[in-house]
Every structure is written in structure tokens, then in C-alpha cells.
Amino acid sequence: LPLGINTRLAVKKNARCLSDMAGQRLCTRAYHEYRQLMKDIITALSNYSEEWKTLCELVMKCKCDIAGYCCEEFSCGRYPKKDSATD
């Protein structure tokens with residue numbers, strides 16, 4: 001799309017798909033545009049209802065926050081790598 005044009009997106013996803021997408025897109029090694037888009041989606045869902053707000057707080061996190069270790073080849077350093085965490 002050309003720059004400077006407003007675009008509307010209609011996204012149809014379920015909660016499981018959104019939590020998987022959040023796990024990938026909220027990683028600090030992801031592009032900042034993807035991180036910001038995912039944060040905007042989570043904010044919009046949190047404002048939709050209390051049920052979605054609770055779901056977003058509990059489930060829609062970066063995958064290293066859920067696992068407790070980093071499974072990426074080049075870690076950002078927030079959590080130890082999987083090899084180091086199991087020692």
C-alpha cells in the first residue's frame with residue numbers, strides 16, 4: 001500500500017490464535033511495527049469487555065514470559081536461553 005493512506009483491517013481470529021500471535025509478536029526481537037500492532041490489538045480487546053481484559057492480561061504475553069526462558073537462537077537477554085535454564 002502507498003504510504004500516507006489510512007487502512008482499515010477486519011481481522012477474524014479466536015483467542016487461541018491471538019495468544020499464539022501475541023507470543024510471537026510481543027517478543028523484543030520482533031519488528032517494532034509488529035509489536036505496536038499487537039499492543040494496539042490487546043488494548044482494543046481489553047477495552048471491549050472485562051472478560052477480554054482478564055484474558056489479555058493472563059494469556060496474551062510474550063512466549064518467553066509464559067515459558068520462563070528464551071527459545072530464540074539470538075536471545076534478547078530478558079530471560080536465560082533454554083539450555084541455560086535447564087542447568
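A pocket is defined on a 1 Å grid over the protein atoms alone, as an open set of points where a 1.4 Å probe fits, with protein on both sides within 12 Å along at least five of seven lines. Grid points are joined across faces, edges and corners, and a volume is the space filled by probe spheres set on the points. The structure is a predicted model: local features need pLDDT of at least 70, side-chain atom pairs count only at pLDDT 80 or more, and totals for chains, interfaces and linings use all residues. Residues are numbered from 1 along each chain as its sequence is written, and side-chain values use heavy atoms, with hydrogens and water left out.

The largest pocket holds about 190 Å³ of space. Its lining (residues with an atom within 4 Å of a point) includes Leu 9, Val 11, Leu 18, Met 21 and Ile 41. Lys 12 and Lys 13 also line the pocket. The lining comprises 8 nonpolar residues, 2 charged and no polar. Here Ala, Val, Leu, Ile, Met, Phe, Trp, Tyr, Cys and Pro count as nonpolar, Asp, Glu, Lys and Arg as charged, and the others, Gly among them, as polar. Helix 2 gives the most to this lining, with 4 residues. Helix 1 and helix 2 each supply at least two. Helices are DSSP runs of H or I, at least four residues, numbered from the N terminus.

Helix 1 spans residues 15–25. Exposed Arg 16 and Asp 20 sit on the face turned away from the buried side. The buried residues pack against helix 2 (32–48), helix 3 (50–59) and helix 4 (63–67). Ser 19 has a relative accessible area of 17%. Leaving aside residues up to four places away in sequence, Ser 19 touches Val 59 and Met 60 (contact: heavy atoms within 4.5 Å).

A search of the whole structure finds 1 salt bridge, defined as a side-chain nitrogen of Lys or Arg within 4 Å of a carboxyl oxygen of Asp or Glu. Asp 65 pairs with Arg 78, the closest N and O atoms being 2.6 Å apart. Asp 65 lies in helix 4, and Arg 78 in the loop between helix 4 and helix 5 (82–85), 13 residues apart. Asp 65 is partly exposed, at 30% relative accessibility. Arg 78 is also partly exposed, at 43%.

Note on methods:
Buried < 20%, exposed > 50% of the residue type's maximum accessible area, 1.4 Å probe, protein only.
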